Amino acid sequence: ERLPDANIRVLPGISSVSYLSAAVKESYDDAILFSIHGRNDAFRLNELIDHIIYNRKTFVLLSGDEDLRNVAGITEDHNLDCRFIVGKDLSYDDEKILILNTKEAKAYEGGGILTLLVINENAKKRPVTGLLCDDMFIRDKVPMTKECIRNESIIRLNILCGDTVYDIGGGTGSVAIS
């Protein structure tokens, strides 16, 4: 219970992610944490854009302002309308927190030690595609929906992560588990 006269102050840990999170009052328990610090090749940037597409919040450790411009560029290339919250020189006397749109982030040349939070309010849901084979079930001689029927049914339902599905009259439950 919260007391009306309580003065609550968040004291973050030493990580730049927790510091930025506390400073902008955004939790990171439901965020992706990712680093391109010193590892900003095409493969890592493709991994990063995948995280940004499918998650509302992605914290990114950067090597510098060039990384910020690259991240903003790839979000623009994928037609994502993201907000960029940049923590510059966090915990230092000249610390700054900047909230930038894509155009501003693509043009940023402020240097410093940067930590980035990308907010994608229109994050997509991933399709559920983890299909199970018959031999993954322990069933002895209990009849079960055939693997190809079970998997095709799930594919055609187009179930997305976070969806709620009820399997009424599920029998063995092989469809619900898949």
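Is Arg56 buried, partly exposed or exposed? At 33% relative accessibility, Arg56 counts as partly exposed. Buried means under 20% relative accessible area, exposed over 50%, and partly exposed in between (1.4 Å probe, protein chains only).

## Basis

This is a predicted model: local features need pLDDT of at least 70, side-chain atom pairs count only at pLDDT 80 or more, and totals for chains, interfaces and linings use all residues. Residues are numbered from 1 along each chain as its sequence is written, and side-chain values use heavy atoms, with hydrogens and water left out.

## A β-α-β unit

Strand β1 (residues 32-35) pairs with strand β2 (residues 57-61) in the parallel sense, over 4 bridges. Helices (H or I, at least four residues) and strands (E, at least two) are DSSP runs, numbered from the N terminus. Two strands pair if DSSP finds at least two bridges between them. Ile32 has Thr58 of β2 as its bridge partner.

With helix α2 (residues 42-54), the two strands make a right-handed β-α-β unit. Right-handed means that, with the strands pointing away from the viewer, the path from the first strand over the helix to the second runs clockwise.

## Salt bridges

The count comes to 12 salt bridges. Each is a side-chain nitrogen of Lys or Arg within 4 Å of a carboxyl oxygen of Asp or Glu. Arg56 meets Glu26 in one of them (3.6 Å, N to O). Arg56 lies in the loop between α2 and β2 and Glu26 in the loop between α1 (16-24) and β1, so the pair ties together parts 30 residues apart in sequence. Glu26 counts as buried, at 17% relative accessibility.

Glu76 and Lys106 form another salt bridge (2.5 Å, N to O). Glu76 lies in helix α3 (residues 65-77) and Lys106 in helix α4, so this pair also links parts 30 residues apart in sequence. Glu76 is partly exposed at 38%; Lys106 is partly exposed at 35%.

## Around Thr102

Thr102 lies in helix α4 (residues 102-107). At 11% relative accessibility, Thr102 is buried. Beyond its neighbours within four places in sequence, Thr102 is in contact (heavy atoms within 4.5 Å) with residues including Glu76 and Cys82. Cys82 is buried too, at 5% relative accessibility.

In helix α5 (residues 147-157), the buried residues are Arg150, Asn151 and Ile154. They cover an arc of only 90° around the axis, which puts them on the same side of α5. The arc is that of the directions from the helix axis to the C-beta atoms. On the other side, Cys148, Ile155 and Arg156 are exposed. Just after α5, Asn158 takes a positive phi of about 50°.
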